[in-house]
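I opened my notebook beside the model.

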Amino acid sequence: MTKNIKIDEGINIGDGSFTIIAGPCAIESREQMEKTGAFLAKLGIKIIRGGAFKPRTSPKSFQGLGLEGLKIMAEIKAKYNLKFISEVMDPRDLEMAYDYIDIFQIGSRNMQNFSLLKEVGKTDKPVMLKRGMSATIKEWIMAAEYISLEGNEKIILCERGIRTFEDYTRNTLDFMSIPILKEKTDYPVFVDPSHGTGRRDLVLPASKASKALNADGIIVEIHPNPEKALSDGSQSLSFEEFENLLNQLM
Ligand code: PEP
Ligand code: MN
């Protein structure tokens with residue numbers, strides 16, 4: 001039986017519904033988040049994503065706005081009555097980020113950052129644990145145990161693809177992790193069709209497959225102007241494309 005994770009009054013993950021979380025890869029500006037927040041609220045989406053701390057491959061790439069980004073989100077959240085999921089990379093940032101973030105995201109690169117897992121495990125906030133890009137399902141489940149053993153059972157697992165020899169896609173989405181995790185654990189299972197494919201044109205089929213396999217939801221990257229995005233533009237949907245995705249999934 002899948003655990004129901006209450007995010008807020010009337011907002012649940014794992015209650016049998018298919019939850020759609022959307023937002024940009026990174027928080028870039030107030031204007032960008034204002035447009036995104038207004039758009040999602042209009043569509044009835046309740047949880048917005050956006051990275052303030054970005055784990056970029058190159059240290060010279062945009063690293064995120066940090067606290068400034070979180071402050072922008074505090075305004076947008078309040079204005080549009082949204083809940084906010086965002087990645088934390090460093091245990092030293094947790095205290096500062098705590099008041100801003102409603103769901104802590106642990107990124108693929110940190111799935112086995114055990115000190116970070118223990119720290120979020122000591123908090124009372126839901127944690128989305130993304131699959132390490134080279135992690136087996138067993139390793140992923142044990143990473144979740146690092147969180148739960150500290151007392152925090154509000155865990156959402158997110159399949160985001162693994163590295164294989166295939167290079168038509170950024171990662172290979174391992175869809176079979178959904179039924180396997182459903183059998184082995186009680187945690188809600190999400191899919192990230194954006195990082196999982198790296199390709200805007202594959203986000204829709206990957207989302208449909210996730211729903212057909214009884215995932216509890218998806219987390220999708222969108223941007224008011226994907227061509228201008230500071231990160232992951234090629235896998236980000238425009239607002240129009242996202243509306244089409246919603247219509248096709250409903
Ligand atoms: C993200 O969701 O912003 C992200 C960096 O994804 P992942 O950790 O799965 O690569
Ligand atoms: Mn991204």
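**Entry 1: the metal.** What spacing do the donors of the manganese ion (ligand 2) follow along the chain? I read it off as C-x169-H-x25-E-x10-D. I note here that this is a predicted model.

Next I looked up the donors themselves. The manganese ion (ligand 2) is coordinated by C25 through SG, H195 through NE2, E221 through OE and D232 through OD. The distances run from 2.0 to 2.4 Å. I then placed two of these donors. E221 sits in strand β10 (residues 217-221), and D232 sits in the loop between β10 and α9 (239-249), so this pair ties together parts that are 11 residues apart in sequence.

**Entry 2: ligand 1.** I listed what surrounds ligand 1. Among the residues are K54, P55, E87, G107, S108, K130 and R160.

Which polar contacts did I look up? An N or O atom in the R49 side chain is 2.8 Å from an oxygen atom of ligand 1. For the side chain of Q105, the distance to an oxygen atom of the ligand is 2.9 Å. R109 places a polar side-chain atom 2.9 Å from an oxygen atom of ligand 1.

**Entry 3: a helix.** I turned to α5, residues 137-148. It has 12 residues and reaches 17 Å from first C-alpha to last, close to the expected 16 Å. Which residues of α5 are buried? I found I137, W140, A143, A144, I147 and S148. Seen down the axis of α5, they fall within an arc of 145 degrees, so they line one face of the helix. I recalled the general rule: an α-helix has 3.6 residues a turn, so residues three or four places apart point the same way. The cover over the buried residues of α5 includes α4 (114-121), β7 (127-130), β8 (155-159) and α6 (177-184).

**Entry 4: phi angles.** Most residues other than glycine have a negative phi. I looked up two with a positive value. Phi of N81 is near 55 degrees. N81 lies in the loop between α2 (67-80) and β5 (83-87). N81 is exposed, with a relative accessible area of 62%. Phi of D232 is also near 55 degrees.

How values were computed: Residues are numbered from 1 along each chain as its sequence is written. Chains are lettered from A and ligands numbered from 1 in the order in which they are written. This is a predicted model: local features need pLDDT of at least 70, side-chain atom pairs count only at pLDDT 80 or more; totals for chains, interfaces and linings use all residues. Side-chain values use heavy atoms; hydrogens and water are left out. Donors are N, O and S atoms within 2.8 Å of the metal (3.2 Å for Na, K and Ca); water is not among the atoms, so sites may look incomplete. Helices (H or I, at least four residues) and strands (E, at least two) are DSSP runs, numbered from the N terminus. The expected span of a helix is 1.5 Å times one less than its number of residues. Buried means under 20% relative accessible area, exposed over 50%, partly exposed in between (1.4 Å probe, protein chains only). The arc is that of the directions from the helix axis to the C-beta atoms. Contact means heavy atoms within 4.5 Å. A residue is near a molecule or strand if one of its heavy atoms lies within 4 Å of it. A polar contact is a pair of N or O atoms within 3.5 Å; within protein, one must be able to donate a hydrogen and the other to accept it, and residues adjacent in sequence count only if both atoms are side-chain atoms.
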